[in-house]
Amino acid sequence: MLTQTTTRVLEPADLGAALAVLESAPVENAFVTARVRVAGLDPWRLGGEMWGWYTEGRLTSLCYSGANLVPICATPEAVRAFAERARRIGRRCSSIVGPAGPTAELWRLLEPSWGPARDVRARQPLMVAEEPSATVAPDPLVRRVRKDEMDVIMPACVAMFTEEVGVSPLAGDGGLLYQARVAELVGAGRSFARIDDGKVVFKAEIGAATRQACQIQGVWVAPEHRGRGLSETGMAAVLQYALADVAPVVSLYVNDYNAPARAAYRRVGFRETGAFMSVLF
């Protein structure tokens with residue numbers, strides 16, 4: 001048994017202990033919990049390693065190290081240990097993302113060796129809703145995207161990603177991985193859109209889903225339709241679907257400088273409960 005504070009790569013046998021940590025904060029950890037529920041802790045299936053921080057033999061903090069570096073329920077001591085491990089192996093991720101406090105400290109420790117970042121989004125309010133909107137009527141034209149509509153939804157997804165992240169998801173492998181992820185969400189019934197005359201007017205996805213919580217991502221309104229309240233009525237529709245079919249708590253996070261989006265989500269019924277931070281490379 002581990003008797004001192006230490007960190008190590010978790011193995012499939014550690015799944016129960018890892019899930020106990022993840023599910024202690026089900027909303028914050030929805031993204032990683034969903035991956036672990038499907039793939040377990042085998043690095044090949046998970047798409048990365050899960051690092052564990054132990055205190056007196058008990059697993060208390062985690063860090064997912066894959067395409068993203070994600071501190072999970074990370075204490076200050078755990079953050080320092082995770083930063084040291086990350087420095088030793090070098091940067092393999094395209095972003096660091098997680099709860100604002102631990103992520104800021106992780107980046108402070110890694111920036112001298114990993115910096116500069118392409119973009120740092122220091123505060124991204126985490127917003128949650130547990131009931132359908134009481135003030136905004138859902139758009140009846142927002143529906144699940146069908147599998148035969150990939151050619152319709154894909155350009156909107158690429159436009160959203162490029163606008164939000166600042167780089168095209170088609171770079172590198174020509175978009176194969178991104179298209180596979182979009183297809184996965186469509187196939188799972190977690191991609192929603194309003195499509196008028198063969199063109200996407202509004203879209204959003206439920207990107208991560210567990211029994212306790214799910215996370216909306218990729219909210220986008222076609223530029224020519226902005227300013228008409230479609231993000232509010234569209235989000236009200238997606239919120240209604242999510243609560244009815246997926247999980248009892250629905251979350252999202254948004255850049256703090258995006259005041260119109262934050263105001264729209266509040267009108268739909270979301271409230272701010274914390275903050276995330278993202279460091280993009």
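Modeller: Happy to! Contact here means heavy atoms within 4.5 Å, and helices (H or I, at least four residues) and strands (E, at least two) are DSSP runs numbered from the N terminus. The model is predicted, so local features need pLDDT of at least 70 and side-chain atom pairs count only at pLDDT 80 or more, while totals for chains, interfaces and linings use all residues. Residues are numbered from 1 along each chain as its sequence is written, and side-chain values use heavy atoms, with hydrogens and water left out.

Let me begin with α8 and α9. On the α8 side, Ser231, Glu232, Met235, Ala236 and Leu239 meet Ala264, Tyr265, Arg267 and Val268 of α9. Sorted by class, this contact holds 6 nonpolar, 1 polar and 2 charged residues (nonpolar: Ala, Val, Leu, Ile, Met, Phe, Trp, Tyr, Cys and Pro; charged: Asp, Glu, Lys and Arg; polar: the others, Gly among them). The axes of α8 and α9 (residues 259-268) lie 9 Å apart, at an angle of about 50° (axes are lines fitted to C-alpha atoms over the stretch in contact, and angles run from 0 to 180 degrees between N-to-C directions). That makes α8 oblique to α9 (under 35 degrees is roughly parallel, over 145 roughly antiparallel, 65 to 115 roughly perpendicular, the rest oblique).

The loop that runs from α8 (230-245) to β11 (250-253) holds proline 248. Its relative accessibility of 47% makes proline 248 partly exposed (buried is under 20% relative accessible area, exposed over 50%, partly exposed in between, with a 1.4 Å probe and protein chains only). Leaving aside residues up to four places away in sequence, proline 248 touches Ala129, Glu130, Arg211, Gln212 and Leu243.

Now for α6, which has 16 residues and reaches 21 Å from its first C-alpha to its last. Its buried residues are Met150, Ile153, Met154, Ala156, Cys157, Val158, Met160 and Val165. Strands β6 (119-129), β8 (191-196), β9 (199-209), β10 (214-221) and β12 (271-280) are included in what covers them, and so is α7.

How do α6 and α7 meet? Helix α6 (residues 150-165) packs on helix α7 (residues 176-187) at an angle of about 120°, with 11 Å between the axes. That makes α6 oblique to α7. From α6, the contact draws on Met150, Ile153, Met154, Cys157, Val158, Met160 and Phe161, and from α7 on Tyr178, Gln179, Val182, Ala183 and Val186. By class, those are 11 nonpolar residues, 1 polar and no charged.

Just past the end of α6, glycine 166 adopts a positive phi of about 95°. Further on, alanine 171 belongs to the loop between α6 and α7. With a relative accessible area of 55%, alanine 171 is exposed. Its C-alpha is 25 Å from that of valine 145, which is 26 residues away along the chain.

Finally, there is the pair α1 (residues 15-22) and α2 (residues 30-39), whose axes come within 10 Å and cross at roughly 155°. That makes α1 roughly antiparallel to α2. Here Leu15, Leu19 and Leu22 of α1 meet Val32, Thr33, Val36 and Arg37 of α2. Their classes divide into 5 nonpolar, 1 polar and 1 charged.

Conventions:
Expected span 1.5 Å × (residues − 1).
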